[in-house]
Amino acid sequence: MSETPDKLVVGISSRALFDLEESHRVFENSGREAYCDYQIDHEEDVLAPGVAFGLVRKLLAINASEHERVEVILLSRNSADTGLRVFNSIAHHGLPITRAAFTSGTSPYRYVGAFGADLFLSADPDDVRAALSAGCAAATIVPGHSLASGEDTLKIAFDGDAVLFSDDAERIFKEQGLEAFAA
């Protein structure tokens, strides 16, 4: 939970924020050492926006008023050396992200609480499951390219499942159908 009750703190993985699929393929196909060499060799190459980039930009735009309402922190499996490319890309894209944890290959979910994050978004489903098991709000962001949207409006949809709400309505729908559900 964030240290200030009127500020939302979101932790995001580097693979959700930026398109790191090519780098990830190097890691998967050639191992950690090749990945590190690749990232260091390309540290001046700006990363393209990832699938959550637009969301992060819109969340940070809420801060246009006089009070900071949202903070985004980076939680990454990169090391400080390989993470330089990520921070260069953050600077290039003008994102006001100033806090980060680089875990050198271990799951970054452990830092969610230390940073006071209210939500952790990651492209790694295992990290998300670990965060959820530790009692942190978390969601998997499916890796891919960011969808272009000329819209500056942030839209959030809530899936009112049994975690947030009673499962009575869903159970009635499954057992008795749509008419009983609507009633």
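This is a predicted model: local features need pLDDT of at least 70, side-chain atom pairs count only at pLDDT 80 or more; totals for chains, interfaces and linings use all residues.
1. Asp-124 caps the N-terminal end of H7, with a side-chain oxygen that lies 2.8 Å from the backbone nitrogen of Asp-126. After the helix comes Gly-135, whose phi is positive, near 90°.

2. Helix H7 itself spans residues 125-133, and its buried residues are Asp-127, Val-128 and Ala-131. These three cover an arc of only 100° around the axis, which puts them on the same side of H7. Strand E4 and strand E5 (138-140) are among the elements that cover the buried residues of this helix.

3. Strand E1, made of residues 8-12, is mostly covered, since four of its five residues are buried. E1 pairs in the parallel sense with strand E2 (residues 70-76) over five bridges, and in this pairing Val-10 has Val-72 of E2 as its bridge partner. E1 also pairs in the parallel sense with strand E4 (residues 119-122), here over three bridges, and Gly-11 has Phe-120 of E4 as its bridge partner.

4. A reader new to the model may wish to look next at the charged side chains, among which the count comes to seven salt bridges. One of them joins Glu-71 and Lys-7, whose closest N and O atoms are 3.5 Å apart. Glu-71 lies in strand E2 and Lys-7 in the segment before E1, so this pair ties together parts that are 64 residues apart in sequence. Both partners count as buried, Glu-71 with a relative accessible area of 11% and Lys-7 at 18% relative accessibility, where buried means under 20%.

5. Glu-71 also meets the side chain of Arg-99 in a salt bridge, at 2.8 Å from N to O. Because Arg-99 lies in the loop between helix H5 (84-92) and strand E3 (100-102) while Glu-71 lies in strand E2, the pair ties together parts that are 28 residues apart in sequence. Arg-99 is partly exposed, with a relative accessible area of 25%. Which residues make up the network of salt bridges to which Glu-71 belongs? The network links Lys-7, Glu-68, Glu-71 and Arg-99.

6. A further salt bridge is found between the side chains of Glu-21 and Arg-15, at 3.4 Å from N to O. Glu-21 is partly exposed, and its relative accessible area is 21%.

7. The largest nonpolar core has 21 residues, and those with the most contacts inside it are Leu-17, Phe-18, Ile-90, Leu-95 and Ile-97. The elements that give two or more residues to this core are E1, helix H1 (14-17), helix H4 (53-61), E2 and H5, and H4 gives the most, with four residues.

8. When its neighbours within four places in sequence are left aside, Leu-17 is in contact with Ile-12, Pro-49, Gly-50, Phe-53, Val-56, Leu-74, Ile-90, Leu-95 and Ile-97. A second, separate core has 13 residues, including Val-9, Leu-75, Ala-131 and Cys-136. Of these, Ala-131 has already been named as one of the buried residues of H7.

Key: Residues are numbered from 1 along each chain as its sequence is written. Side-chain values use heavy atoms; hydrogens and water are left out. Buried means under 20% relative accessible area, exposed over 50%, partly exposed in between (1.4 Å probe, protein chains only). Two strands pair if DSSP finds at least two bridges between them. A salt bridge is a side-chain nitrogen of Lys or Arg within 4 Å of a carboxyl oxygen of Asp or Glu. The arc is that of the directions from the helix axis to the C-beta atoms. Contact means heavy atoms within 4.5 Å. A polar contact is a pair of N or O atoms within 3.5 Å; within protein, one must be able to donate a hydrogen and the other to accept it, and residues adjacent in sequence count only if both atoms are side-chain atoms. A nonpolar core is a set of buried Ala, Val, Leu, Ile, Met, Phe, Trp, Tyr and Cys residues joined through side-chain atoms within 4.5 Å.
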